Amino acid sequence: MRDKVTIPAIQARKHGPKITMVTAYDAPGAKIVDEALIDIILVGDSVATTVLGFEDTLSVTVDMMIHHSAAVTRARPAALVVTDMPWLSYHVSPEESVRNAGRLVREGGAGAVKLEGGRKRIATVKAILDAEIPVMGHLGLTPQSIHTMGGYRVQGKTVVAARDLLADAHALADAGIFALVLEGIPDTLAQLVTRELSIPTIGIGAGIHCDGQVLVFHDVLGMQNQKMPKFVRQYAHLADSATQALQQYGADVQSGAFPDDSESYHLDKNVLELLLDTQKQGLD
Ligand code: KIV
């Protein structure tokens with residue numbers, strides 16, 4: 001068993017080895033990720049689209065995030081568990097944000113929370129940190145801003161947008177976040193942010209220069225047969241294997257090949273004889 005991954009341990013990885021992060025939304029998923037020695041399990045609000053069948057992440061509530069986070073932490077992973085604060089759980093007031101972050105820790109077992117946005121969120125980030133809850137930032141393509149962005153588009157492509165993102169990154173780092181997710185931005189901008197910040201950056205669709213990488217469980221394992229963004233590398237095609245396995249199961253049930261003798265329970269021979277005898281007497 002490896003040692004529990006802690007916030008200081010993640011911070012100490014700024015200059016390598018690279019940090020690995022993968023999402024998980026339930027106990028078996030958390031066990032798989034943990035056994036692969038991934039550093040951080042992100043209970044992402046991507047649960048909305050990957051597991052719950054929503055169109056985007058905006059429908060996820062704090063109660064849903066607690067439900068999935070608690071399932072992940074019941075697997076007792078050594079990986080650090082970071083849980084996403086869902087949309088509108090940290091936008092109304094710093095007080096309400098602290099209460100919601102506290103529920104993710106107390107009821108969901110999270111070791112840290114992640115929230116999207118930069119300078120607009122500094123008061124909130126500071127309030128959550130004041131409550132001794134570590135915060136991971138998230139800049140660039142922030143899915144909770146889908147309507148403002150006009151869809152899922154690469155961010156930070158103009159000088160103004162890149163400068164804005166750099167200013168947001170510095171503000172978050174100065175406020176005290178322990179790591180920063182950079183999603184859907186040009187690799188050279190991610191390189192600049194990574195070089196300028198003393199905290200680790202974790203990229204998704206942000207190129208090679210980040211201090212770590214994150215991918216979604218269902219994407220990296222090919223659990224859904226759908227078109228993937230170009231930054232996703234699929235290391236398995238589990239949806240295909242699962243469909244093939246279930247087709248075989250269906251065929252075996254139809255042909256009588258399943259279950260076989262070794263897959264069935266048997267009555268003790270004496271019990272069977274006695275049972276058949278009493279049945280027979282009952283009929284006589
Ligand atoms: O919810 C999520 O899965 C995320 C990652 C894409 C970083 O926020």
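**Helix pairs and pockets**

A: Helices α4 and α5 are roughly parallel to each other, where angles under 35 degrees count as roughly parallel, over 145 as roughly antiparallel, 65 to 115 as roughly perpendicular and the rest as oblique. Helices (H or I, at least four residues) and strands (E, at least two) are DSSP runs, numbered from the N terminus. The model is predicted: local features need pLDDT of at least 70, side-chain atom pairs count only at pLDDT 80 or more, and totals for chains, interfaces and linings use all residues. Residues are numbered from 1 along each chain as its sequence is written, and side-chain values use heavy atoms, with hydrogens and water left out.

Q: At what angle do the axes of α4 and α5 cross, and within what distance do they come?

A: Two packed helices are described by the angle between their axes and the distance between the axes. Here α4 (residues 62-74) and α5 (residues 94-106) have axes that come within 9 Å and cross at roughly 20°. Axes are lines fitted to C-alpha atoms, for helices over the stretch in contact, and angles run from 0 to 180 degrees between N-to-C directions.

Q: Is the crossing of α4 and α5 left-handed or right-handed, and which residues meet?

A: The crossing is right-handed; that is the word if the near helix is turned clockwise from the far one by less than a right angle, and left-handed if anticlockwise. V62, D63, M65, I66 and S69 of α4 meet N100, R103 and L104 of α5, contact being heavy atoms within 4.5 Å. These residues divide into four nonpolar, two polar and two charged. Ala, Val, Leu, Ile, Met, Phe, Trp, Tyr, Cys and Pro count as nonpolar, Asp, Glu, Lys and Arg as charged, and the others, Gly among them, as polar.

Q: How do the axes of α8 and α9 cross?

A: The axes of α8 (residues 159-175) and α9 (residues 187-196) cross at roughly 30° and come within 10 Å. That makes α8 roughly parallel to α9. Their crossing is right-handed. On the α8 side the contact is made by A162, L165, L166, A169 and H170, and on the α9 side by L189, L192, V193 and E196. Seven of the contact residues are nonpolar, one is polar and one is charged.

Q: How much space lies in the largest pocket, and what lines it?

A: Rolling a probe the size of a water molecule over the atoms shows where empty space is left. On a 1 Å grid over the protein atoms alone, a pocket is an open set of points where a 1.4 Å probe fits, with protein on both sides within 12 Å along at least five of seven lines; lining residues have an atom within 4 Å of a point. The largest pocket holds about 1300 Å³, a volume being the space filled by probe spheres set on the points, which are joined across faces, edges and corners. Of its 50 lining residues, the closest to the centre are E183, I204, P229, F231 and V232. Strand β1 gives the most to this lining, with four residues. The lining divides into 23 nonpolar, 15 polar and twelve charged residues.

Q: What is the volume of the second largest pocket?

A: Its volume is about 650 Å³. Among the 24 residues that line the second largest pocket, G117, K120, G140, T142 and S145 are the closest to its centre. Helix α8 gives the most to this lining, with four residues.
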